[in-house]
Amino acid sequence: MKLRSLLFVPGDRPERFPKAVATGADALILDLEDSVVPTRKPEARAAVRAWIEAPRDDGPAIFVRINPVDSDEVAADLEALAGLSLDGIVLPKAEGASSVATLTSRLPGDYAILPVASETAAAVFQLGTFGSVAGRLAGVTWGAEDLPAAIGAMTAREDDGSYTDPYRVVRALTLFGAHAAGVPAIETVFPDFRNLDGLAGYAARGRRDGFTGMLAIHPTQVAVINQAFTPSEAELAHARAVVAAFEANPGAGALQLDGKMIDAPHLKSARRLLALVD
């Protein structure tokens, strides 16, 4: 499942679902949690179920973000999803592998799970545990909005929009936790949806650091995110050249290519990059 861009859509706004499909997002996340007020959650569940049940042409992967697994709303969420053809569940407020295991035991289908893995203080200390449930995961993502509220912080960001030190740590731990589990690391949202230049830089840094996709909160963000997480032709050509060089010299531990030394880590990176487009 290719997951460069994952676009949130409020579950109680079904008129937006077809428009979201047309954005080119790799996945839609139909939301039953934060974007839906409690009084409208029953309406949102009904709308999400009706739309997923209706015939559609091939399109993006479909995820549903349920309410937290320990909430009063989750039982109704899961009941509404029973029997649906669905690609995955986004689990908010996840606290490591134990939250995933708890949800798995209650799921009404064999759905992949994408935990939002950093929204409580306790969750931060569980970011290295996802390997034990990796077979059920679509990836691991994080959030920088709920955690400040959970710990009484004023903000997660500096005046220039960059993260303060605590949230840089959480981002890094999420990235390493996902890779330790062998699943995709999904970058969190860029809230300023009108600032597409800022988004492009943010997404590019995410891919540079090892994230393979990103959450989106507005349709205009999708194309920018897709471009950022799609290897360029120059990158692909270089990766193919690295692989070809080692295939032509199977006994070599290090080689020269275009005036620079390449070795085993370069070969691993090249193969990983080429796997993204296979």
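How many Å separate the centres of domain 1 and domain 2, taken over C-alpha atoms? The separation is 34 Å. Domain 1 covers residues 5-229 of the protein chain, and domain 2 covers 233-275. These bounds come from an automatic or database domain assignment.

The model is predicted: local features need pLDDT of at least 70, side-chain atom pairs count only at pLDDT 80 or more, and totals for chains, interfaces and linings use all residues. Residues are numbered from 1 along each chain as its sequence is written, and side-chain values use heavy atoms, with hydrogens and water left out.

An unreviewed UniProt entry annotates Glu 119 and Asp 146 as "binding site". They span 28 residues in sequence, yet no two of their C-alpha atoms are more than 5.2 Å apart, so they gather at one spot. Both Glu 119 and Asp 146 belong to the lining of the second largest pocket. On a 1 Å grid over the protein atoms alone, a pocket is an open set of points where a 1.4 Å probe fits, with protein on both sides within 12 Å along at least five of seven lines; lining residues have an atom within 4 Å of a point. UniProt positions follow the numbering used here, feature names are shortened, and annotations may be inferred rather than shown by experiment.

Glu 119 sits in the loop between strand E5 (112-115) and helix H5 (121-124). Helices (H or I, at least four residues) and strands (E, at least two) are DSSP runs, numbered from the N terminus. Glu 119 is buried, at 4% relative accessibility. Buried means under 20% relative accessible area, exposed over 50%, and partly exposed in between (1.4 Å probe, protein chains only). Beyond its neighbours within four places in sequence, Glu 119 contacts Pro 92, Lys 93, Asp 146, Leu 147 and Ala 150. Contact means heavy atoms within 4.5 Å. The Glu 119 side chain also reaches the backbone nitrogen of Lys 93, at 2.7 Å.

Asp 146 lies in helix H6 (residues 146-151). At 22% relative accessibility, Asp 146 is partly exposed. Its contacts, leaving aside neighbours within four places in sequence, are Asp 34, Lys 93 and Glu 119. The side chains of Asp 146 and Lys 93 form a polar contact of 3.2 Å. A polar contact is a pair of N or O atoms within 3.5 Å; within protein, one must be able to donate a hydrogen and the other to accept it, and residues adjacent in sequence count only if both atoms are side-chain atoms.

A "binding site" annotation in the unreviewed UniProt entry also covers Arg 65 and Glu 119. No two of their C-alpha atoms are more than 14.2 Å apart, although they span 55 residues in sequence. Arg 65 and Glu 119 are in the lining of the second largest pocket. Arg 65 is part of strand E3 (residues 61-65). Arg 65 is buried, at 10% relative accessibility. Its side chain makes a polar contact of 2.7 Å with the side chain of Asp 31.
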